[in-house]
Amino acid sequence: MLPVWKGEIFVTGATSIIGSLLVPMLHEQGVPVRALGRNPGASEVCDSWHFIDLADRTLDLPEIEVRALIHTASLWLLPGWLEKFHARGVRRVIAFSSTSRFTKQASSSSIEQDVVSKLIAAEDHVAAECERLGMAWTIFRPTLIYGGANGDRNVADIARLILEIGFFPLLGKASGRRQPVNARDLATACVQCLAAPASYNKAYNLSGGETLAYVDMVRRIFETLGRRPVFIQVPIVIYRIAVCLARLHPKLTHLTPDMALRMQADLVFDHSAATRDFGYCPGKFDPAYLNTLR
């Protein structure tokens, strides 16, 4: 049974891949949720929704007393707001970073390097500011996230490519290991650690419950879609050109050639500390939700 949290909770990014699962999960437990953001879609499943653009630090929070904050929006939006949350009664903070802060440090992409810098700076700020203000903080660093009502930019992108062209281009053997983590398991982790003192003032790497080679992850996506796995080896030059062309699509501007190079790299992280401290127990890679894309 999950620990019971007493008191209201602010949730930022309530319509994000994690937030869209977290809000109804908290609602089912009778925990009042005050959603903050630019999208009022969250108002259907939370107790109240308040418009706020976290990128505009001149704004202020609604004048309500709330005990905890779960920040599922981009971590670099949080600095500059913690004093304001503290003034509204928040004494417990859970926020999401990413294992990308480790895996993309050597990236040749200026876009990815910028993300790494912002994640590291934001983590340091949140930890220092929360401790200064007397707020118990926990930072989660998930591995490759998939699932969720609003889809993802990882597994779902691979599935869309397969459905579009009928095969998947590989660079090398694509033997680098992955640990895809379901967004539902991450939402559950938020609920589990809210009232778990052992998780206070710590950062956790949250990986999925199964480790498999990149090529095997893609093979399972093929199978889930009811397609015969078809792989084509592609030279790096062709891959770079293909990525540049794909970036012309408004939904694929986040793609970089380094993503292909990382097919050979092991991006594996130990989540045993989270299991020990608050019972984190992620499931195996199951991309059944992809059937909604067909």
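I began with the helix 1 and helix 6 pair: Leu21, Leu22, Met25 and Leu26 of helix 1 meet Ala183, Arg184, Ala187, Thr188, Cys190, Val191 and Leu194 of helix 6. Contact here means heavy atoms within 4.5 Å. Helices (H or I, at least four residues) and strands (E, at least two) are DSSP runs, numbered from the N terminus.

I noted that this is a predicted model, in which local features need pLDDT of at least 70 and side-chain atom pairs count only at pLDDT 80 or more, while totals for chains, interfaces and linings use all residues. Residues are numbered from 1 along each chain as its sequence is written, and side-chain values use heavy atoms, with hydrogens and water left out.

I then looked up the geometry of this pair. The axes of helix 1 and helix 6 come within 8 Å and cross at roughly 45°; axes are lines fitted to C-alpha atoms, for helices over the stretch in contact, with angles from 0 to 180 degrees between N-to-C directions. Helix 1 is therefore oblique to helix 6, given that angles under 35 degrees count as roughly parallel, over 145 as roughly antiparallel, 65 to 115 as roughly perpendicular and the rest as oblique. The crossing is right-handed, that is, the near helix is turned clockwise from the far one by less than a right angle.

I compared helix 5 (residues 155–165) and helix 7 (residues 214–224), which pack at an angle of about 60° with axes 10 Å apart. These two helices are likewise oblique to each other, and helix 5 passes helix 7 in a right-handed crossing. Val155, Ile158, Ala159 and Ile162 of helix 5 make the contact with Tyr214, Met217, Val218, Ile221 and Phe222 of helix 7.

Finally, I turned to Ser97, in the loop between strand 5 and helix 3 (100–103). Ser97 is buried, at a relative accessible area of 8%; buried means under 20%, exposed over 50% and partly exposed in between (1.4 Å probe, protein chains only). Its side chain forms a polar contact of 2.6 Å with that of Glu123, the term denoting N or O atoms within 3.5 Å, where within protein one must be able to donate a hydrogen and the other to accept it, and residues adjacent in sequence count only if both atoms are side-chain atoms.
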